[in-house]
Amino acid sequence: MTGRGGEARETPEHEVLVIGAGFSGIGAAIGLLRAGIENFLVLDEQDDVGGSWHANRYPGIAVDISAFSYSFAFEPFASWSRAFPPGEELRAYAHHCVRAYGLRPRLRLNARVVRAEYHETEHVWEVFLADGTLTTARFVICATGWLTKPKAPDIEGFDRFVGTVVHTARWDPSLDLTGRRVGVIGTGASAIQLVPEIAPVVERLHVYQRTPTWIFPKPDLPLPEAVRALFGAAPWTQRAIRLLTDTVTELSFVIAMIHYRRFPFLVWGGEAFSRLYLRTQVRGDRDLMDRLAPRYRLGCKRPSFGKGYWRTFTRDNVRLVTEPIERITETGIVTADGGEQRFDVLILATGFRVLDNLPPFPLHGLDGRELREFWRTERFQTYEGSSVKSFPNLWFIVGPYSFTGGSWFGMIDYQVTHALRVIGEARRRRATQAVVRPEKHDRSFHRTLRRQRNTVFFHDSCRTANSYYFDERGDAPAVRPASTYEAAWRARHFDLDDYRYDRVRSGAAP
């Protein structure tokens, strides 16, 4: 087979191509270096590294899991100012990792991939870029992430609004909200961070809620200089804290969600704690409490940590709107009850296109099969959350059934481990193609579906959660039904013969 772009090269430019320079891509690049693989390139469509943390700059943006867990286990960072540091510190950490491992020469920024095609006869991926150039690689690691393509609300009249419209993921740093009338559409993780930040400065703030979110108090403690000095002098102390935060995360969220049928009391206890927190925040306002309280089981939708979010709705200039939006006019928003509010600024905290953005470009495998079309017609499915049958030499860091719901960096670690084990085995065998065997792929996928039945995602109340965890079939491919520790163990121990290894006919190997 030769690709639509012409003849592919039998000896590609790069042994490995990493698509994406967020933390997933940075982790893959570091993993390649540590494995002794030097011939690789990292592509990213943005003008700097950091992925979502480079793109998102809205007021109040911060990590919503402890930085001790939201970092590479092998690269602790002593400069965190808080337990839950702001976005600018996550960007600084990305730059730190790039410098520490000398990745800058291996980066190609402002390089947006528009399609990728696999050449069966040459065992080469051909990757086309928006500027009209292309590059080739033997192996591809797709690290494009989830939270990259903002989702605009599907609301009548949206394009007629004459005021300022901004999405949280495309924030305009010059936007001054002082004394403005502001409407925020959405109440997910971004809104939970944004709303308390802007409420004190705006004239009036209306927050339009479709589905409430389970929220927990955020133990965002500042880290004194003496503590940071200790972390720098004795990195093991930070690793010890990480062990604790990882364990708490696994028990409180992952185990509770994944093993809901076995341990439902963990979910019930979490819900009771969140309701208690809500009562302390809204000062006995039962109507407000009722409208902010979720009606679905904890875990159906991504929960969050709040820092004054619920309390913000007790301010005189802030109103929670739960009536559905009927349409947007030139000057504001009309709700289903006929109420109309005029605004100067509309802020879209409406999240991202997640599942329909995997991957964010056409990707053709064996026999020209396109990956998104395959998933659309045959369900989202992967082998161990990492690779897909009929798509050789390709692995995902963030794909269907890859994320356990715990630490993002734990997922990066075990996904990189999986890919590098196979690439290493292909090198050992002097093979130019590694493709998961269809029967092994199907066995892994069916095991995943069976295990999903024990999760909270199959609780009836999840139907009302409006969660990006679910696809149109009712599957929950955004979350892997396993603990992070189990997923890491499987990445280190899956049978390498679950892949088939072939050599290009000429016998040439990279």
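Guide: One aromatic cluster is formed by Phe 23, Trp 53, Tyr 70, Phe 72, Phe 74, Phe 77, Trp 80, Tyr 93, Tyr 101 and Phe 409, where rings of Phe, Tyr and Trp (its six-membered ring) pair if their centres lie within 6.5 Å, and planes under 30 degrees apart count as stacked, over 60 as edge-to-face and the rest as tilted. This is a predicted model, in which local features need pLDDT of at least 70 and side-chain atom pairs count only at pLDDT 80 or more, while totals for chains, interfaces and linings use all residues. Residues are numbered from 1 along each chain as its sequence is written, and side-chain values use heavy atoms, with hydrogens and water left out.

The structure holds 38 aromatic pairs. One of them, Trp 146 with Tyr 468, is edge-to-face, at 6.3 Å centre to centre and with 70° between the planes. Trp 146 lies in the loop between strand S6 (134-142) and strand S7 (164-167), and Tyr 468 in the loop between helix H12 (438-452) and helix H13 (484-493), so this pair ties together parts that are 322 residues apart in sequence; helices (H or I, at least four residues) and strands (E, at least two) are DSSP runs, numbered from the N terminus. Trp 146 is buried, at 3% relative accessible area, whereas Tyr 468, at 29%, is partly exposed; buried means under 20%, exposed over 50%, and partly exposed in between, with a 1.4 Å probe and protein chains only.
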